[in-house]
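Me: Hi! I'm new to this one, could you walk me through it? Here it comes.
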Amino acid sequence: MRYGILAYICFICFVFALKDIKIPNNLMFVGKISYSFYYVEFFTSAVVNKLIIINENTLIVKLFSVILSIILTLIISYISWFLIENKLGKFLSKKFIKTK
């Protein structure tokens with residue numbers, strides 16, 4: 001708690017210093033799918049580890065498993081974001097939120 005206020009002040013200064021900087025599209029994409037990535041990544045990595053029968057505990061097999069898991073997680077997260085958060089969110093907003 002001793003450094004909490006100082007850390008908060010530094011964080012606010014950092015945020016205001018970055019407000020005029022253009023964020024790259026890659027980071028914007030990761031920001032959009034971050035929530036979907038969070039809830040999909042555990043299941044994707046579990047499925048990949050179950051599907052890839054690791055008879056050999058080599059570095060190549062582990063590396064392939066990690067890369068495949070990351071790629072599948074990104075794809076599934078994008079699909080989830082597009083269908084659930086984007087499309088369903090717009091539909092529910094139109095259905096239940098009255099606009100003037």
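Reply: Happy to! One term to start with: buried means under 20% relative accessible area, exposed means over 50%, and partly exposed lies in between, using a 1.4 Å probe and protein chains only. This is a predicted model, where local features need pLDDT of at least 70, side-chain atom pairs count only at pLDDT 80 or more, and totals for chains, interfaces and linings use all residues. Residues are numbered from 1 along each chain as its sequence is written, and side-chain values use heavy atoms, leaving out hydrogens and water.

Me: Is Ser80 buried or exposed?
Reply: Ser80 counts as buried because its relative accessible area is 9%.

Me: And which residues does Ser80 touch?
Reply: Leaving aside residues up to four places away in sequence, Ser80 touches Ser36, Tyr39 and Glu85. Contact here means heavy atoms within 4.5 Å.

Me: Where is Ser80 found?
Reply: Ser80 is in helix 3, residues 59-96. Helices (H or I, at least four residues) and strands (E, at least two) are DSSP runs numbered from the N terminus.

Me: New topic: how many helices and strands does the protein have?
Reply: Three helices and zero strands.

Me: At what angle do helix 2 and helix 3 pack?
Reply: Helix 2 (residues 25-51) packs with helix 3 at about 130°, their axes 6 Å apart. The axes are lines fitted to C-alpha atoms, for helices over the stretch in contact, and angles run from 0 to 180 degrees between N-to-C directions.

Me: Back to burial, what share of the protein is buried?
Reply: Buried residues are 13% of the 100 residues.
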